[in-house]
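Subject: Structure handover

Hi,

Here is the structure I promised. My notes follow below it.

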Amino acid sequence: MSTATGWDHTYDLVVVGSGGGGMAAALAAVDAGLSVVVLEKGKKFGGSTGISGGGIWVPNNPTLRRAGHDDSRESVLTYLDTLTEGRVPRARLEAYVDQGPAAMELLERSKWMKFVWTKGYADYHPELEGGRPRGRSIEPKPFDTRKLREDEVFQRPNSMKGPLGLWITSKDYHDLAMVKRTWQGRRASLTAAWRVSSNVIRRRHMATGGRALVARMRMALKDAGIPLWLQTPMTELVVEDGRVVGVLATREGTPVRIHARRGVLLASGGFDHNQEMRSTYLPEGGKDNHTLGAAENTGDGILAGQGLGAAVDFMDDAWWMPSVEHPSGATIPLVSERAIPGQVIVGEDGRRFTNEAAPYVNFVHDQLAGGHHEAWFVMDSRARARYPFAQILPGAPFPKSFYDSGLVHRADTVAELAASTGLPAEALQETLDRFNGFVRAGRDLDFHRGESAHDRYYGDPTLPNPNLDSIDKAPFYAVRIQVGDLGTKGGLVCDETSRVLREDGSVIEGLYATGNASASVMGNEYAGPGATIGPSIVFGYIAARHAAGIGADSGSAVVGSHAPAAQEG
């Protein structure tokens, strides 16, 4: 902790982190009449948002309303109340539901911010009261990153980019996954081929998902004249008379002192890549670092807040994701794969332990609760021929390196597969026999796979139960899966205005947090696709407006509709 003296720069709001929450907050700050700067630790902007699927879960946002998909406030709150089980203050949930539409409306004032509804991608628990089988998730429209001009080189690689510049949205992937099974999938493959040809001719650099989202937000920041400083990690919060009044940072190797007249917003991500914090807080089975979060996420904001006495919550949880580790070291998430027919996932005992197609956080919660730190994805050759797996096309052989590393095992019989993996042969055979019986009956009596609209989204619509098919066609495959994550859930406890709170519930004046630097508003759950980015955007918006004097208990309002010029010290 440092004290205020000798500022190098002065802004009304200092935002630490350039992910979706940080950039949304900056846009909201300028809209409210504040000057603002965004500090980014890394060489590239966008944080974990930039390498995500880019979905946004904000009920009643303008995109949904234009599609005629309105919700009552009560239905959304009922859904969130049920999911969070009293672990999240009601005022936080209400702020999210009430302010979310306005946050998205503000973003859409920029000509760059354009979204589409991912129709049919269900909420993760659509069977609960208030859940929606058709889903509430939206995603950004694809974006040609050439429009970024000199900033294009500061974008992270596109995690959803295909060969020869092929770009794929979430909906595209849903269709392409069934390329061997449906006419819709075959049409999607023709569209993909056209896109490849079009990109070659038009020399476009198309981005989708999170990369498109942060590119669009970066364009909005440029239009608003908001400075974004790369390679500028925050090193310390500056406090005066108990109030956070600025930050110390290092900008391209040079120490700088930045005054924040209205406050500092920590949008710096979780502690994904801080091994000491992972070992301290996360449960057995989740301590190892198999995260897909941005490499810069080392808990800086959380630690800085704790240094001022801030409370933390949900530190033992994460946005878990079942994953496989590529022999090269890359972590590959398993989302659609767990919903395909003709497969089961078993623990070291050779038994199933949950609904394979369950939302990824729930799947790993059950995996950890059962002590299955290592699990095996078991499928037959029919499933391998029909569906993609871990970025490998249907029917394509697993690379030799997958076998050499022990990631994948192949055998002509179940007994041989068990011997190769070390799984108990009798238990594995019993598991497959029991599952095949469920397939014949059309219902999974153990874990109800295929009964939820969420499960069926990535299933095979040509089958009576889209998620069930027999596992009986040799050869058989087993793939080792591990506990991965999209980022950590635990962070600084905040009130409904995003202000950081101490252990006694008092406010640390001048300090705000959003995204994975804050304790998750979803509690231990996950409402639907984009329920990480959605809250990050909304609480960034709320924080900026509160700092501007707009909102409950916010003090005097800022006069004027235009951002004042930043003052250089």
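Ala-295 is exposed, with a relative accessible area of 53%. The terms are: buried under 20% relative accessible area, exposed over 50%, partly exposed in between (1.4 Å probe, protein chains only). Ala-295 sits in the loop that links helix 8 (275–281) to helix 9 (300–307). Its C-alpha is 7.9 Å from that of Asp-272, and the two are 23 residues apart in sequence.

Some ground rules. This is a predicted model, in which local features need pLDDT of at least 70 and side-chain atom pairs count only at pLDDT 80 or more, while totals for chains, interfaces and linings use all residues. Residues are numbered from 1 along each chain as its sequence is written, and side-chain values use heavy atoms, with hydrogens and water left out.

Overall picture

The protein has 16 helices and 22 strands. These are DSSP runs, numbered from the N terminus: helices are H or I with at least four residues, strands are E with at least two. The radius of gyration is 24 Å, close to the 25 Å that the globule rule gives for 569 residues, so the protein is as compact as a globular protein of that length. That radius is taken over C-alpha atoms, and the rule is 2.2 Å times the number of residues to the power 0.38. The C-alpha trace spans about 75 × 55 × 50 Å along its principal axes. Of the 569 residues, 61% count as buried.

Strand 16

Strand 16 (residues 375–380) is largely enclosed by the rest of the structure, because six of its six residues are buried. Ala-375, Phe-377 and Met-379 point one way; Trp-376, Val-378 and Asp-380 point the other. Strand 15 (residues 343–346) runs antiparallel to strand 16, joined by four bridges. Pairing needs at least two DSSP bridges between two strands. Val-344 has Val-378 as its bridge partner. Strand 18 (residues 476–488) also pairs with strand 16, antiparallel, over six bridges. There, Trp-376 stands opposite Arg-480.

Helices 1 and 16

Which residues of helix 1 meet helix 16? They are Gly-20, Gly-21, Ala-24, Ala-25, Ala-28 and Ala-29. Across from them are Ser-536, Ile-537, Gly-540, Tyr-541 and Ala-544 in helix 16. Contact means heavy atoms within 4.5 Å. The residues of this contact divide into seven nonpolar, four polar and no charged. Nonpolar covers Ala, Val, Leu, Ile, Met, Phe, Trp, Tyr, Cys and Pro; charged covers Asp, Glu, Lys and Arg; the others, Gly among them, are polar.

Best wishes
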